[in-house]
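Reader: I should like to learn how to read the surroundings of a ligand, and then the helices and the core, in a model of this kind. May we take them in turn?

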Amino acid sequence: FPAGTVEPDYVLDEALGTDAAGVFESVSDADRAYWMRARAFVQDDLLPVIGEHWDRSEYSLDLVRRLGELDLLRDGVSVDGWEPMSKTAAGLVSMELSRGDGSIATVSGVQGGLAMRSIALCGSEEQRRRWLPRMATGELLGAFALTEPTHGSDSVSLETRATPVAGGWLINGEKKWIGNGSMGGITVVWARSDEDGQVRGFVVPQESEGYTGTTIRGKLALRAIHQARIRFENVFVPEENVLPAARSFKNTAEVLFATRISVAWGAVGHAQACYETALQYARQRVQFGRPLAASQIVQERLARMLSELTQIQLLVARMTEREEAGVLTGEQASLAKYTGTRAARSIAANARDLMGGNGILIENRVARHFADIEALHTYEGTETIQALIIGRSITGISAFA
Ligand code: FAD
């Protein structure tokens, strides 16, 4: 295997990557245009630099701006005057960006999927006009602050307070793990109102007095995007920055529900990158006088990886059809995320192993995906939490507490 590196094998026009069941054959021209734009971005802009960014734990704003220029940042959120973007197009973009890199796919998930979607679903007409276009281009970065140091899976019990005062609200509390939370943009903050105890949504500029966002260091996954720990000390939020349709935690959950399918598509992209890289390696790497791929046991493993990959491709495509038809349930979104990240984790582990020592080198890609998939396994509801949601729907019994 020459010099220990695997050359990128992405082909821009004809080969659409691994698609054993022909899942993507019927993608419409409009959706395909988004998909191919994402693929060209991955090939031309991302892959040449991302290993270095990941290694040095650097968040590249150049890549984010490029995503905005290409209209790949908004995760399907509608913006006035912008081209319509279907759920399938958003899914394909999430898949393709993840096939390139998890941090960059997460940028789009946070910016479009969480921050923009909160404003689109819960904001007023004026608020949508004020923030969404600049967020879609990447000029204004957005964060979504729900998780707290002491409330992760049980974020419904969040303790950040919002106290009504003349002309607005004062926010006090702490948040943790907030993507884009220390980048100088805006943060959608979920806080409990002192008025009625309900969770409300607030758009807080990060330069507000009393807002302190500290980038979390020492991460072993998604190293090329920054998450922050945020402290709010009497942060004043004017009334015009309160999201009028965010009246309870139910509204927060609606935003999260919509992004779970994106994460499942992301898992497909990670799995695809790992499978394709390992396959290429197994064909080239010669041991005991023959390529690894000539061994029956390696072929069985590749077949298993392809089988898992194909199952999740079919699942996300079908769930997205249901989403487009407006009939996707929360349990189905959980099933997609649960199945997708489990399969991707298994495929990444197999790929890493098949590549031997080369499998832990960042330059060979699989190691990066292997680490990043751990974050997908946890964020937007852990694997166990998705299982409990599915279990509740199967049995009719809630096992959360
Ligand atoms: P915990 O809730 O403490 O869970 C620890 C373990 O206990 C897990 O295995 C979990 O499955 C298990 N567990 C929990 N409850 C139960 C139960 N009832 N029964 C059985 N097992 C249980 N949040 C944001 O708000 N905005 C962001 O932008 C954001 N980005 C993130 C990016 C990264 C890289 C990461 C790692 C997290 C991010 N998060 C973000 C937070 C993320 O959503 C939480 O990490 C996640 O919900 C899990 O919470 P936790 O880490 O506190 O784990």
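Reader: Which residues come nearest to the ligand?

Author: In this predicted model, the ligand has 21 residues around it, and those that come nearest are Leu146, Gly152, Ser153, Thr382 and Thr384. By residue class, the shell around the ligand holds eleven nonpolar, nine polar and one charged.

Reader: Which elements each supply at least two residues of that shell, and which gives the most?

Author: At least two residues each come from β1 (142-145), β3 (168-179), α9 (366-378) and α10 (383-395). The most come from β3, with three residues.

Reader: How is the span of α10 to be checked?

Author: One compares an expected span with the distance between the end C-alpha atoms. At 1.5 Å a residue, the 13 residues of α10 should span 18 Å, and the end C-alpha atoms are 18 Å apart, so the two agree. Just after α10, Gly396 takes a positive phi of about 80°.

Reader: How many residues form the largest nonpolar core, and which have the most contacts inside it?

Author: The largest nonpolar core has 114 residues, and Ile119, Ile171, Phe202, Ala271 and Ile347 have the most contacts inside it. Helix α6 (residues 249-284) gives the most to this core, with 16 residues. Leaving aside residues up to four places away in sequence, Phe202 touches Ala162, Trp169, Ile171, Val189, Ala191, Val237, Asn241, Val242 and Leu243.

Reader: What does UniProt place at residues 31-139?

Author: The unreviewed UniProt entry places there the feature "domain: Acyl-CoA dehydrogenase/oxidase N-terminal". In the model, residues 31-139 are 75% helix and 0% strand, with end C-alpha atoms 24 Å apart.

Note on methods. Residues are numbered from 1 along each chain as its sequence is written. This is a predicted model: local features need pLDDT of at least 70, side-chain atom pairs count only at pLDDT 80 or more; totals for chains, interfaces and linings use all residues. A residue is near a molecule or strand if its C-beta atom, placed from the backbone, lies within 6 Å of it. Helices (H or I, at least four residues) and strands (E, at least two) are DSSP runs, numbered from the N terminus. Ala, Val, Leu, Ile, Met, Phe, Trp, Tyr, Cys and Pro count as nonpolar, Asp, Glu, Lys and Arg as charged, and the others, Gly among them, as polar. UniProt positions are given in the numbering used here, feature names are shortened, and annotations may be inferred rather than shown by experiment. The expected span of a helix is 1.5 Å times one less than its number of residues. A nonpolar core is a set of buried Ala, Val, Leu, Ile, Met, Phe, Trp, Tyr and Cys residues joined through C-beta atoms within 7 Å. A residue is buried if 20 or more other C-beta atoms lie within 10 Å of its own, exposed if 12 or fewer, and partly exposed in between; C-beta atoms are placed from the backbone. Two residues are in contact if their C-beta atoms, placed from the backbone, lie within 7 Å.
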